[in-house]
Amino acid sequence: LGCNLQDNRANLHPLWKGEIDVPGGSRQSPINIRIRDSVFHPQLAPVHTQYDPNTCLHIWNNGYSFFVEFDDSTDKSIVSGGPLENPFRLKQFHFHWGRNNDWGSEHTVDSRVFPAELHLVHWNCSKYRTFEEAIMEPNGLAVIGVFLKIGKQHEKLQKLVDILPSVRYKDALTEFNYFDASCLLPSCVDYWTYSGSLTTPPLTESVTWIIMKKPIEVDHSQLAVFRSLLFTAVGEEEKYMVDNFRPLQPIMNRTVHSSFE
Ligand SMILES: Cc1ccn(O)c(=O)c1
Ligand SMILES: [Zn+2]
């Protein structure tokens, strides 16, 4: 499987040319979650999502992943509860995946890699005015991570998969409205939570991560469509959008808490 050792090349990323300076660097993401080192916190309530499907705006290919973006001008689509002190607004969701089914997720669980990982990105609208401001602040974002594994077809995801060819190229954007992002969450409420960072530049240490314990199932043909997207824009030499995940980062002196025993 893809090498999961933490190495000092962690900041040399194949896609972001050369060394990138990492702010602080004491709480970087992703990490390997070691189940036996995680600490059960009985007061960690289930995470509560209230997503209004009408807040869905469009899908766009930003040259690193495809983002499904939401209208975050109101509190219509929010996450609350769990480790969060107040509600956070849904801004976008996107995925990370591999060139094949052997790897692709950013986080790992006891060094187990999944073929893909979904990130639902929310920002702290009680403390900051915009998403752009929040990504620079210590408790600015809450990202729900969901592992994907190969199994039966995910029917609700298919609506999104069918549109992906229209955002094949970098910078392509297409209308996409009425999508209920909560259909991408597993039915099991158990999760791990820890303090970390964005996994793409600016890599700011602004994220409360909420990693769901159970994966959702998608079939191989759905992931194959993800891999048909391009990192490159029209007219450029075509490069398939695959392996858009960041290598594992050192856990330093962090503790991962679990909402379950
Ligand atoms: C805001 C943001 C941007 C990229 N990624 O991967 C994330 O998980 C969150
Ligand atoms: Zn992500």
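A polar contact here is a pair of N or O atoms within 3.5 Å. Keep that cut-off in mind, since it comes up more than once on this walk through a predicted model.

Averaged over the protein, pLDDT comes to 93, and 91% of the residues score at least 70. For the complex, the predictor reports an ipTM of 0.95 along with a pTM of 0.93.

Now head for the metal. Three histidines hold the zinc ion (ligand 2): His94 and His96 each through NE2, and His119 through ND1, at distances of 2.0 to 2.1 Å. Read along the chain, these donors follow the spacing H-x1-H-x22-H. His94 and His96 are both buried.

His94, His96 and His119 are part of its surroundings, together with Gln92, Val121, Phe131, Leu198, Thr199 and Thr200. His96 has a polar side-chain atom 3.0 Å from an oxygen atom of ligand 1, which falls inside the 3.5 Å cut-off for a polar contact. The side chain of His119 places an N or O atom 3.1 Å from a ligand 1 oxygen. Thr199 also brings a polar side-chain atom to 3.1 Å from an oxygen atom of ligand 1. How much of ligand 1 does the protein bury? On its own, ligand 1 exposes 270 Å², and the protein buries 94% of that.

Which elements supply the shell around ligand 1 with two or more residues? They are β7 (88–97) and β9 (116–123). Of the shell, β7 provides the largest share, with 3 residues.

Asn86 makes a side-chain polar contact of 2.9 Å with Asn124, and another, of 3.2 Å, links the side chains of Asn86 and Ser126. Setting aside neighbours within four places in sequence, Asn86 is in contact with Val79 as well as with Asn124 and Ser126.

Technical notes: Residues are numbered from 1 along each chain as its sequence is written. Chains are lettered from A and ligands numbered from 1 in the order in which they are written. This is a predicted model: local features need pLDDT of at least 70, side-chain atom pairs count only at pLDDT 80 or more; totals for chains, interfaces and linings use all residues. Side-chain values use heavy atoms; hydrogens and water are left out. Donors are N, O and S atoms within 2.8 Å of the metal (3.2 Å for Na, K and Ca); water is not among the atoms, so sites may look incomplete. Buried means under 20% relative accessible area, exposed over 50%, partly exposed in between (1.4 Å probe, protein chains only). pLDDT is the predictor's confidence in each residue, from 0 to 100. A residue is near a molecule or strand if one of its heavy atoms lies within 4 Å of it. A polar contact is a pair of N or O atoms within 3.5 Å; within protein, one must be able to donate a hydrogen and the other to accept it, and residues adjacent in sequence count only if both atoms are side-chain atoms. Accessible areas come from the Shrake-Rupley method with a 1.4 Å probe; for residues, only the protein chains shown count as cover. Helices (H or I, at least four residues) and strands (E, at least two) are DSSP runs, numbered from the N terminus. Contact means heavy atoms within 4.5 Å.
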